[in-house]
Amino acid sequence: MSNLRFTEQALSEWMRSGGSHSEIVISSRVRIARNIQHHPFPLLATQNQAEEVMNVLAPVIDQGKETGFGTFHLLKLDDLEELDKKVLVEKHLISPNLVNDSRGGAVLLNEDESVSIMINEEDHLRIQCLFPGFQVREAWERATAIDDIFEASIDYAFDDRRGYLTSCPTNVGTGLRASVMVHLPALVMTQQINRILSAVNQVGLTVRGIYGEGSEAAGNIFQISNQITLGQTEAEIIDNLHSVAIQIIEHERNARQRLLTDSALRITDRIMRSYGILSYAAVMDLKEASQRLSDVRLGLDLGILKAPSISVLNELNVKTQPGFLQNLFGEKLSSTECDMYRAKLLRETLGTTH
Amino acid sequence: MVCQECGVRPATLHFTKIVNGEKTEFHICESCAREKGELIPGTSGGFSIHSLLSGLLDLEGAGKGKTAAASTAQGVRCEECGMTYGQFSKLGRFGCSSCYKYFDKGLDPLFKRVHGSTAHVGKVPKRAGAKIQFRRQIDELKGQLQQAIEQEEFEKAAEFRDQIRKLEKEIAQE
Ligand SMILES: [Zn+2]
Ligand SMILES: [Zn+2]
């Protein structure tokens, strides 16, 4: 079991307060990619070159000193236990890519875990800001402010015409990826989701499931993000995402209301059943847990359930992931044991709230 | 359309591969694509977006039937990191920021396809930014100058020309 403070708790400090539209928007995230001039990108960098990059970037944010965005801690990937890395990924604080493909990889995390600055991921520098609820503008403002801190002392790879030069052509220009994580059970249940997702694709945005880029949308949670980084200003990108997200939120709202008026009994039954199963089951795989937690979250919003709180649900979404279970119950869990401990955790958390 | 691999799930990925000028069409579902390690935009199945890009890049050269010019383009090398255009088109990623300069010719069509645009209009680093701001203003003025000339508004045109000269002088003094 780990003693790393960032992996002890499932819920980052930033997740505790709701933010707006928190019944639908779980979190907002902004990431900006930057590189230093005249250093090969991490893809080609040798161990020494990667360490050099770390030695240039890490000192820009004084560790242990208040920055205005909290106090930062530097974690070098080579110094971390495998399990800690897994949990940091499950908490969305670092990318799977930083764990798997990186030489000289590191992350700077602030106290409340709302800012994570990855070094030697696909790009030399990736500044990520996470906010609870629908706060994509706030996340951008923080990310660009941190970018300014780096920019004051780092010569970025920047070109007049192409903007910020990134390792992958899909990030060039602004280097900006903004996203919102949304819970859309009613749109899934009423089978409107595909229509909406393809419409979203047509306006330069993309939608994926939450864990890992290729994974299915676990528990009806989707991530909507911008696809285009070149030829639009940051403000345009953020505004576009913002207005599309607002429309999706409204569609989801309407679909929820329609479910409640057209099939109140059926939906109430489904939600109560899921709550019952989460509270009493002895074995539970991740897929079922995600789906049932999604039902309970919907139940809270519709007023069918009074407990648990949204933040308990957010916490369970992270804690039921394999890495976190291993962290809590022992590193060498078989998949059956994992399902058993997941059920135990859910029982102990939810079984006492009614 | 049904997936050509498993014949069960609907095909959601459609792409064309060109190998030695031979065109092959693929229609497969996501899970078969993942199993085969084939390209899926936006997934982490080993290749992901980079393979998709490399498909696009390959198309640029191979589509014209592997002309001599296309093979020469594949051999263009970035003098800073040593990556060739051929390698770039396989990996779908640049080796260093200078690659952008050495591969510049091939990039406009790629950026056009990925972003619908080829030029950055967003944030500019403050320290390097003053010149860039001037240059953007100059570009804009040049456009206005052109328009003024076309509409035979020569007094206006003269004004734009003077403004451009003034800015160019300021850049030179920096
Ligand atoms: Zn298939
Ligand atoms: Zn290069």
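Visitor: Before we start, what do buried, exposed and partly exposed mean here?
Guide: Buried is under 20% relative accessible area, exposed is over 50%, and partly exposed is in between, with a 1.4 Å probe and protein chains only. This is a predicted model, where local features need pLDDT of at least 70, side-chain atom pairs count only at pLDDT 80 or more, and totals for chains, interfaces and linings use all residues. Residues are numbered from 1 along each chain as its sequence is written, chains are lettered from A and ligands numbered from 1 in the order written, and side-chain values use heavy atoms, without hydrogens and water.

Visitor: OK, how many aromatic pairs over all chains?
Guide: Nine, from a search of the whole structure. Rings of Phe, Tyr and Trp (its six-membered ring) pair if their centres lie within 6.5 Å; planes under 30 degrees apart are stacked, over 60 edge-to-face, the rest tilted.

Visitor: Why is the pair A:Phe329 and A:Tyr341 stacked?
Guide: Because the planes are at 20°, with the ring centres 4.4 Å apart.

Visitor: And how accessible is A:Tyr341?
Guide: A:Tyr341 is partly exposed at 22%, and A:Phe329 is partly exposed too, at 24%.

Visitor: Switching to chain B, what sort of pair do B:Tyr85 and B:Phe103 form?
Guide: Edge-to-face, 5.5 Å centre to centre with 85° between the planes.

Visitor: Is B:Phe103 buried or exposed?
Guide: B:Phe103 is buried, at 2%, and B:Tyr85 is buried at 8%.

Visitor: Which residues form one aromatic cluster with those two?
Guide: B:Phe88, B:Phe94, B:Tyr100 and B:Phe111.
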